[in-house]
Amino acid sequence: MQDNDDKAGKSPQDRDVEKDVDISQDRAPDEPRWVREGAEAPTRPEREGRVEPGPDRLPDEGASAPEETTHNEAPPASKGEDSGVRVGEGLVLEGLPSSPAGDGSAKEPEKKEDGDREAGEAADEARHDGPGDGGGPASMSATKGTGAAARPSKGKGLCDSDGSEGSGGRRRSKRKGRLRRVVLWGAILVGVGGLLGAAAVAGIFWYYGQDPAIPTFRGLEDYRPSLVTDIYSGDDQLIGEFYVERRRTLPYHEMPKRMVQAVIAVEDSRFFDHIGVDPVGMIGAVLEWARHRGSRRMRGASTLTQQTAKAILVSEWGFEEASARTVRRKVIEAILAFRLEQIFTKEEILEIYLNHVFLGHRAYGFQSAAENYFRKNVHDLTLAEMALLAGLPQAPSRYSPFVRPDNAARRRQHVLERMYREGMITEAERDEAFEEEVRAYPIEDVFRETAPFFTEHVRRDIVERYGNQRLLHDGLKVYTTVDTEKQRAAQESMLAGLATVDKRQGYDGPLWRVPRAQWDAFSKAYDDDVLKGSPLEQDNTYVGLVTDVQQHRVEVRVGRHEGVLPIAGMRWARRHNPDAYHPSSLIDDARRALSAGDAILVKRVDRRAFAGDPAQASLRRLPEGTILFSLEQLPELQGALISMDTVSGYVVGMIGGLDFEYSEFNRAFQACRQPGSSFKPIIYSAALEQLEWTPSTILIDGPLVYDDPDHEVRWRPTNYGRDFQGDVTLRSALVRSINIPAVRAMHEVGVEETVEFARHIGIRSALSKDLSTALGSSCVTPWELTNVFAIFPRHGRRMEPVFIRKVVDRDGNTLEDRTVYFDPWAPLRDRVAAGHARLYEESEQLISPETAYIMTELLNHAVRFGTGTRATRLGKPAAGKTGTTNDSFDGWFVGFTQELVTGVWIGYDTYERPMATYENGGRNALPIWLSYMQAALEGRDQPAFAPAREIAARIIRKRIDSETGLLASPKVPRPSVDVSFVAGTEPTEVFGEVRASDTSSADFFLHDSGL
């Protein structure tokens, strides 16, 4: 900057001549020279504005900042050798010339450094409180240089004109001499102390610099923070996240410029100018603290580099150790900050900071915070939202938009103001962002909302094969096979099915009792805390308070809403009685179940919900517009569902229980339950495979007693209806689920052989080695049994179930890939690779294709003619088998189409309480299966069951007599059915042409009373 003297055209010689000129004439002692001469008061020059940051060096680009003028400030003294002594910036000592020319001009003060806003404001405030404010007299000080004298005043002790000195002057001279010596020695001591202090600081930094706990970096590639592992569904929807720090990283060049500007403006406006620490900012913080005389807590002066260093230490050491107020921690933080500045560029440091900083509510980095608070990508945030996030690092909990939205709004205003002062945004942009409402959304818990049991199963698998450390820190991308639409259908079907079956068991009673004096408070609290003033929505469930009970109606209050629960909406609410048959035990008086003061679950419904109920006639007396309810209860029953694609092996749906929040126990995999009659297909498959039986093989359904001399017990199996059918075909025994023939079949195959066969085709649970296993007395998991049924539509080949389609690490490396070539959601590259790999895959043949097809057809008959007839409502070719245990503790249905196999189990978790006597798999589990399959296969045609191509020529179809298994006679009108046989095993005799004394080839064991 050019001197004012040079501007006035004065040479150094001119200044030497003018230095002895008496300038005190015609001037009042307290009057500044520019006032005496009538010159215009000098004003503070405009501060250089900050510029709009660009993608590279953000603080150095853009428009100038708004103009600022500092008033009531004395003009600064010139810098020349003859200038007056300065007490502070902009202060002129009384009696000294403001400029050598004497024309009242003032030298332009030095401009503040770009970005030094906070320190500058603190310094401005300190100057405003100084002695030079307002143009008043300033204290004198020794002048610098020859000829620069203070303004003379009359009095004793001053030098005479001839240079002689009085006694006062001599005493003052001695005092000055002593003062100089004191100052000199003080300066020496301070210098020595400073050197020793510097050496001590250097020693401390050297000592702690050897600490092996300091993270080391060679470049940005060494920065590997903890990342979130994402779990995706088969249709690429996020269904789970696992992490210690929820962080998603973005490269610096992908971070929005406004987001970067907001952070720099509020956290470190001199970021591109300092070397990791900012002494100017520190001094400003100290001055501000001193100005308030220590009444306020000193504001932080940490730079972004220091904050980045601390954030890295938190990740490496943990929060407690990295936040400890110790010398070691502070020194190491400073050392790491200096090292970061040496290793990384400013942009790279920003990239680390923007991805590493903690922003509250489990979010690390601005991308994660954008998702957490606004459910947006960071690129989609508004200016106000970016400013809000930029204000969080200082105190995430204090400025949380969830917990303290008012604090968040004030902090956001501060960030926007800083951006405006730094020239990063216009006044209009600032004002518009000021007005934007603070809106934050609850964090989405995709884990629990989508497929919690499935996702938890995947998590366990990843931990088992890759380790928990990689799951929580390595940012894996796990692509699973679950179909979100099918999963949603499974959840809805399971919930509705369990509620229906649970109601058939009886009413569990009210949630709790509310005393009459607390009715109003209870309703108001529910309205304020739950409903929050919203209306009641159709088909939603609420907690209602019973206010009056009559025979055919119940008055119910839900918050401030009044409604009616008609008897038609609660006829199921009988007392528990396992021996009572549901349709004949419905109640017709509401007073048998409810009382005034009961807190109950109700669902808002319309009149159509009561259609078909005889009690709906009572609704006619209710006026239109009346709010109607039905009585509900939380089911105590549990259920499991597992569904797989039979072609790809993809597991597309899984339910492990009623509610993951209530119990994380996955009953699809962990519950070992008795399968009942759903185990019989395994028995008959073994007979077809190992004994070469056919659907026409005759079995005897008659009384059977089994003695176990080793355990001294006698077992007498019975049928479900406790009657006997005599001679029945294998087909009829399976279709009608008759018990005794299954026991005889297992006896002929052999107990040991049957157990080994079951293990061979997929049962891993321990099976009892006795004949009761034929009736499903040994427990299996729903997962195992569903896997066994899957081999039938797969022509006897093992199906390798797939839960995880693909796993990719943080660097994009594929760790595993089980994609099928026809997966519609997979990228083309993955499908091409899968198609090539498929050429070399060989699946294990567990049973012969002939046995697999015949069993498929028999199970199809069980659906068409037997215990699973409800499944025909699917409207597509289906096959399956029901299962029910003694005392109705377990209900099963496992069924399949050509493309989808699904198993369903229902029951209580313990065997302490059975379902009602008349409950069975066809009545409780099959409806859930049907509801799910209807939704899962909607719009998808299913091909008819057909034998594998390689055996098609060896499979023949014959029409046989349903009871005898002989060929049907066109002359005799008897029930008959088309059945498939392996060529050479089909019956050759026609019914009606066989002598009565003839017997089947199986008579040698069927009439063995020793069984």
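A residue is called buried under 20% relative accessible area, exposed over 50% and partly exposed in between (1.4 Å probe, protein chains only). Leu196 counts as exposed because its relative accessibility is 58%; this residue lies in helix 5 (residues 167-209), helices being DSSP runs of H or I with at least four residues, numbered from the N terminus.

The model is predicted, so local features need pLDDT of at least 70 and side-chain atom pairs pLDDT 80 or more, while totals for chains, interfaces and linings use all residues. Residues are numbered from 1 along each chain, and side-chain values use heavy atoms, without hydrogens and water.

**Helix 17 and the cores**

Helix 17 (residues 452-466) has 15 residues and spans 20 Å from first to last C-alpha, close to the 21 Å expected at 1.5 Å a residue (1.5 Å times one less than the number of residues). Its buried residues include Phe453, Phe454, Val458 and Ile462. Gly467, with a positive phi near 100°, follows the helix.

Phe454 and Ile462 are, with Ile682 and Tyr684, the residues with the most contacts inside the largest nonpolar core, which has 78 residues. Such a core joins buried Ala, Val, Leu, Ile, Met, Phe, Trp, Tyr and Cys residues through side-chain atoms within 4.5 Å. Another core, of 64 residues, lies apart from it and includes Ile264 and Ile332.

**Histidines with positive phi**

Most residues other than glycine have a negative phi. His361 has a positive phi near 50° and counts as partly exposed because its relative accessibility is 28%. His795, with a positive phi of about 60°, is buried at 18%.

Definitions and conventions. Helix = DSSP H or I, 4+ residues; strand = E, 2+ residues; numbered from the N terminus.
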